[in-house]
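Subject: The structure I promised you

Hi,

Here is the structure I said I would pass on. Have a look at it first, and then read my notes below.

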Amino acid sequence: MRGQKRRVFGRAGRPHGTRRQTLAAAAAVTIGAMTLGALVPPAASAAARPDAVQQSLNALVRDGGTPAALASIKGPGGRTRTYTAGIGDLATGGPVPVDGQVRIGSNTKAFVAVVVLQLVAEGKVDLDADVDTYLPGLVRGKGIDGRDISVRRLLQHTSGLPDYTNDLGDDVRYYDPRELVAKALGHPAEFAPGKSWKYSNTNYVLAGLIIQKVTGRPLAHEIDRRVVRRAGLRHTYFPAPGDASIREPHPHGYYQEPPETFLHDITEMDPSWGWAAGQMISTNSDLNRFFTALLAGRLLPAAQLAQMRSTVPAEATFGPGARYGLGLVSRPLPCGGLAWGHGGSFPGYETRGGVTDDGRAVNVAVTLQLTGEAARRNLERAVDTALCR
């Protein structure tokens, strides 16, 4: 919800919960009195003379209050360019790994939605069946009844379910998915199912539980088998229970509250409270590869991809002109046309990106979870700059 001071994760750019003590407890390193205004971006990794994309990343570091920024751009012909700016590890002064891994937050929702829609294509899930068909008796609360909420409404955030991230405590520990659902059900419904739209991470925890119930296998297994391998993603994974690390080279992620104060290294933390709503780790290039494969029809049959791209207004969370499909967001570009993707936010990291119907793909990540509207707009402008060049 906009206006809250802290956010845990969700669609990059808009708050989805409070968890100040948790983040403070998880912080591993306090970076003295260093503030981001003192950081100077290194030379461009893509060219000796900074181009517009490099300049936009430099500005994110110089003016936007983030230790590092990374980008990957794929043109219609398949050529890929990567960029970095800033410092990858403030404690050592280490560089930003080119195309390093980051926590991708709510981009996870797009992966989960693809698995659900594959199950729809296989006749194992019905989008218009109610949640009780698959999780009998689980979803009950004040104004809440799983018999009135369809699978489609989960994927499109029209269920009216409250967001569990608003009720997380200060324990840095493993959370079972059903425990997350129970936290949400302690609050009344936001609205009657299908009567409005509001982003809620609870929807995707339930979608993940449906996947497990229908397939009889862990969510991580199904995402890896059905999406990661099929799309040829080599640096994307769903962390195992208790895995607080990031496997491959990565920039460190930082936490800062209030703005312009000390930076805390929060790279390592148990991500289980994100689960199907925001737990995954990937790279900018892998995210481009995933969304490109998705829109090209390589992950879903045409009928299910069309359902995924059937959208409702979502400006309240995603900005002017934005619309939400089934785990997929469309956003108008200043140069015309639409960018399709999702975006994600997780303590220490923020990602934005988009893929166009003509094959352009861009993803940008920064190593600070953004809280100000200006910083979020600057990150979105960096994506627009790359997509519209």
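To get you started: in which helix is Trp-275 found? Trp-275 belongs to helix H8, residues 275-278 (helices, H or I with at least four residues, and strands, E with at least two, are DSSP runs numbered from the N terminus). Its phi is near 35°, a positive value in a residue other than glycine. Trp-275 counts as buried because its relative accessibility is 8% (buried is under 20% relative accessible area, exposed over 50%, and partly exposed in between, with a 1.4 Å probe and protein chains only).

Before the rest, two notes on how to read this. The model is predicted, so local features need pLDDT of at least 70 and side-chain atom pairs count only at pLDDT 80 or more, while totals for chains, interfaces and linings use all residues. Residues are numbered from 1 along each chain as its sequence is written, and side-chain values use heavy atoms, with hydrogens and water left out.

The overall picture

The protein chain has 12 helices and 16 strands. It has 389 residues, and 60% of them count as buried. Take the contacts (heavy atoms within 4.5 Å) between residues at least 6 apart in sequence: 70% of these join residues at least 24 apart.

Another positive phi turns up at Asp-99, near 55°, again in a residue other than glycine. Asp-99 sits in the loop between strand S3 (80-86) and strand S4 (102-103).

Rings and charges

The whole structure holds 8 aromatic pairs. In one of them, Phe-318 and Tyr-324 have ring centres 5.5 Å apart and planes at 45°, so this pair is tilted (rings of Phe, Tyr and Trp, the last by its six-membered ring, pair if their centres lie within 6.5 Å; planes under 30 degrees apart are stacked, over 60 edge-to-face, and the rest tilted). Both Phe-318 and Tyr-324 are buried. They also belong to a cluster, linked by ring pairs, with Trp-197 and Tyr-199.

The charged end of Arg-173 is over the ring of Tyr-175, 3.9 Å from its centre. Arg-247 lies over the face of Tyr-237, 3.7 Å from the ring centre.

A pocket and a cavity

On a 1 Å grid over the protein atoms alone, a cavity is a set of points where a 1.4 Å probe fits but cannot get out; a pocket is an open set with protein on both sides within 12 Å along at least five of seven lines, and lining residues have an atom within 4 Å of a point. Points are joined across faces, edges and corners, and a volume is the space filled by probe spheres set on them.

The second largest pocket has a volume of about 260 Å³. Of its 13 lining residues, Pro-320, Arg-331, Arg-377, Glu-380 and Asp-384 lie nearest the centre. Strand S12 (329-332) and helix H12 (373-387) are the elements that give two or more residues to this lining, and H12 has the largest share, with 6 residues. The lining divides into 4 nonpolar, 1 polar and 8 charged residues (nonpolar: Ala, Val, Leu, Ile, Met, Phe, Trp, Tyr, Cys and Pro; charged: Asp, Glu, Lys and Arg; polar: the others, Gly among them).

How many cavities of 30 Å³ or more does the structure hold? The search finds 3. The second largest cavity has about 60 Å³ of space. It is lined by 13 residues, with Phe-291, Gly-341, Gly-353, Gly-354 and Asn-363 nearest its centre. This lining is made up of 4 nonpolar, 8 polar and 1 charged residues, and S15 gives the largest share, 4 residues.

Ala-361 lies in strand S16 and counts as buried because its relative accessibility is 0%. Ala-361 and Phe-291 are 70 residues apart in sequence, but their C-alpha atoms are 8.0 Å apart in space. Beyond its neighbours within four places in sequence, Ala-361 is in contact with residues including Ser-72, Asn-288, Gly-354 and Leu-387.

Asn-203, in helix H6 (residues 202-215), is also buried, with a relative accessible area of 0%. Leaving aside neighbours within four places, its contacts include Arg-153, His-157 and Lys-198.

Enjoy exploring!

Conventions: Lys NZ or Arg CZ within 6 Å of the ring centre and 35° of its normal.
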